[in-house]
Amino acid sequence: MSEFGQPKQLAEFLCHEMPIRYAERIRCIETISEWRHVEELAAVHDIQLNAFETFSQQTQWEDASQFKAMVEDVQLEDRRTKFLLMQAAQKLRAQRQSDSFTDPFSLELNKFLDDFLLSRLGCNMLMGQYLACTTSRSSIVNPQCDAFEICQKAADEVKRRCRNSQGRVPLLNVRAFTMSGQMATEGHVPRFSYIPGILMHVVRELLKNSCQASLELAKSEAELEDMPIDVIVCADKQHVVIRITDCARGIPRHVGSKIWSYLYSGSPTAMTGLSFGYGIGLPLSRLHARYLGGSLDLVSLPGYGVDAYLSLPRVETDLVETIPDNVEQDATEVSQQINLLTL
């Protein structure tokens, strides 16, 4: 058992580590000259400062109930952060009269958001791990995470949202294969140590995008039936790979890499009931994949559809969080060797 296997040890670690991470996010905000004059960004600054002070002043980590309540309060206040950041980003672009996604300011702003949100994700995972340690769950990591089951659950949720909001549901097929290429049967599907919540988040977002594009394109039930969405789950000894394929004619060429920008909102006709956030699902999903050493890539086939490839590490020693380290390297990303499997 690792030294972080018990709530007391993890609480002590959080009191040391969290102020460092919050302080770095505060510093990043303060590098933006206008931050005090953008209400939403100033609010995000206050949220980070309050959390920094809370963890810095915490000395009662031996009192599990008190420390747990404190962590829950920090998480509750942080819920607004993502949406405040996106509102602030749009205001900053307007103030700088930035109307391109590739001008220097937009690129710099997108990098800031990527680093900030990656650091925030790491903090939320560590706090989530502590809260799990205080319950019967014991960990947010499932050493036998069933990728096939999670893809099925994500598909069911997205189909339910489609039915409730649009009255129509695209065909969604989920299949799993063994390392020998055979269709996987129950008990032989790819399993690996991972955080199910992260996998659910990414797969659900990808399926939502495919369903939305298919529903917007298909004018009839017959057309929709000819546009199935296929999910394939497979693995080797090192990786679990999930491919999601749709037939919604691909990403328009003029959009290109803008899909990975936090400043770009994809569909101007985003369907009520299918939206899970602020129009930043793809860059956030890629961030979630990268957090534990994975990757997310899209291949657009013009006139046909999109293939999304989610690759995740299966080797336990590769499951380490990736967070930005801005202290000495000017926001250069480095891997911090905090193995979540041992937390």
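**Entry 1. The sheet**

I began with the open sheet of five strands, whose order is E2-E4-E5-E7-E6 with mixed pairing. I took strands as DSSP runs (E) of at least two residues and helices as DSSP runs (H or I) of at least four, both numbered from the N terminus. Two strands were taken to pair if DSSP finds at least two bridges between them. Strand E2 (172-176) and strand E6 (295-301) each have a single partner strand and stand at the edges, so one side of each is left without a neighbour in the sheet. From one strand to the next, the twist averages 15 degrees.

The model is predicted, so I noted that local features need pLDDT of at least 70 and side-chain atom pairs pLDDT 80 or more, whereas totals for chains, interfaces and linings use all residues. Residues are numbered from 1 along each chain as its sequence is written, and side-chain values use heavy atoms, with hydrogens and water left out.

**Entry 2. Strand pairs**

I then followed individual pairs. Strand E4 (residues 229-235) runs antiparallel to strand E5 (residues 239-245), and six bridges join them. In this pair I found Ala235 opposite Val240 of E5.

E5 also pairs with E7 in the antiparallel sense, over seven bridges. Here Ile244 has Ala308 of E7 as its bridge partner.

E6 and E7 likewise pair in the antiparallel sense over seven bridges, and Leu301 stands opposite Gly305 in E7. I recorded these two strands as a hairpin with three residues between them, where Gly303 in the turn has a positive phi of about 80 degrees.

I counted a contact as heavy atoms within 4.5 Å. Axes are lines fitted to C-alpha atoms, for helices over the stretch in contact, and angles run from 0 to 180 degrees between N-to-C directions. Helix H6 (residues 147-166) lies across E2, E4 and E5, and runs at about 175 degrees to E2. H7 lies across E2, E4, E5, E6 and strand E7 (305-313), and runs at about 15 degrees to E5.

**Entry 3. H6 against H7**

I recorded a packing angle of about 40 degrees for H6 and H7, with their axes 9 Å apart. These two helices are therefore oblique to each other; angles under 35 degrees count as roughly parallel, over 145 as roughly antiparallel, 65 to 115 as roughly perpendicular and the rest as oblique. H6 passes H7 in a right-handed crossing. A crossing is right-handed if the near helix is turned clockwise from the far one by less than a right angle, and left-handed if anticlockwise.

On the H6 side, the contact residues include Ile150, Ala154 and Val158, and on the H7 side they include Leu199, Val203 and Leu207. The residues of this contact divide into 14 nonpolar, one polar and four charged. For these classes, Ala, Val, Leu, Ile, Met, Phe, Trp, Tyr, Cys and Pro count as nonpolar, Asp, Glu, Lys and Arg as charged, and the others, Gly among them, as polar.

**Entry 4. H7 against H9**

Helix H7 (residues 196-217) also packs with helix H9 (residues 281-291), at an angle of about 150 degrees and with the axes 9 Å apart. H7 and H9 are therefore roughly antiparallel to each other, and H7 passes H9 in a left-handed crossing. Among the residues that meet are Ile198, Val202 and Glu205 in H7 and Leu284, His288 and Tyr291 in H9. I noted seven nonpolar residues, five polar and one charged in the contact of H7 with H9.

**Entry 5. Two single residues**

Arg249 has a positive phi of about 75 degrees although it is not a glycine. Most residues other than glycine have a negative phi. I located Arg249 in the loop between E5 and H9, and it is exposed, with a relative accessible area of 55%.

Lys111 lies in helix H5 (residues 104-133) and is partly exposed, with a relative accessible area of 39%. Lys111 is 150 residues from Ser261 in sequence, but the C-alpha to C-alpha distance is 9.2 Å.

**Entry 6. Whole protein**

The secondary structure comes to nine helices and nine strands. Of the 343 residues, 50% count as buried. Of the contacts with a separation of 6 or more, 70% are between residues 24 or more positions apart.

Notes
Buried < 20%, exposed > 50% of the residue type's maximum accessible area, 1.4 Å probe, protein only.
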